[in-house]
Amino acid sequence: MIGPTAWRSVDDGLAIAVRVTPRGGRDALAAGTPEHFAARLSAAPVDGAANAGLVALVAKTFGVSKRAVTIISGETARLKRLHIVGDVATLAEIASALYGPRA
């Protein structure tokens, strides 16, 4: 794949990689490295609060319901993989827009 590998299309949506910074001041999802998005969360990593905040942030950013976002790996790690259910083309367009125009 040419360009960022932070996301890839799957049959029913998109799989994304996200590096999470809990207690990051404000909630924001942006381009990170080519391998993952960067998420800053105001929530602390206590009792699943940061994971719940991440799911809500990703759902809002991609315009889907929170039920459409699932953490598939990295529940207790900073680097997480998520699955977003929805229209593949629309979700990929949003992911690409987070990284800005490519040279």
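Begin with the largest nonpolar core, which holds 25 residues, a nonpolar core being a set of buried Ala, Val, Leu, Ile, Met, Phe, Trp, Tyr and Cys residues joined through side-chain atoms within 4.5 Å. Select Trp7, Ile16, Val18, Phe37, Val58 and Phe62, the members that touch the most others. Helix H1 (49-62) is among the elements that each supply at least two residues, and H1 gives the largest share, seven residues; helices (H or I, at least four residues) and strands (E, at least two) are DSSP runs, numbered from the N terminus.

This is a predicted model, in which local features need pLDDT of at least 70 and side-chain atom pairs count only at pLDDT 80 or more, while totals for chains, interfaces and linings use all residues. Residues are numbered from 1 along each chain as its sequence is written, and side-chain values use heavy atoms, with hydrogens and water left out.

Next, select Phe37, which is buried at 0% relative accessibility, where buried means under 20% relative accessible area, exposed over 50% and partly exposed in between (1.4 Å probe, protein chains only). Phe37 and Tyr99 form an edge-to-face aromatic pair, 5.3 Å centre to centre with 65° between the planes; rings of Phe, Tyr and Trp (its six-membered ring) pair if their centres lie within 6.5 Å, and planes under 30 degrees apart count as stacked, over 60 as edge-to-face and the rest as tilted. Ring pairs link Trp7, Phe37 and Tyr99 into a cluster.

Finally, select His36 in strand S4 (residues 36-40), buried at 15%. Beyond four places in sequence, its contacts (heavy atoms within 4.5 Å) include Val18 and Tyr99.
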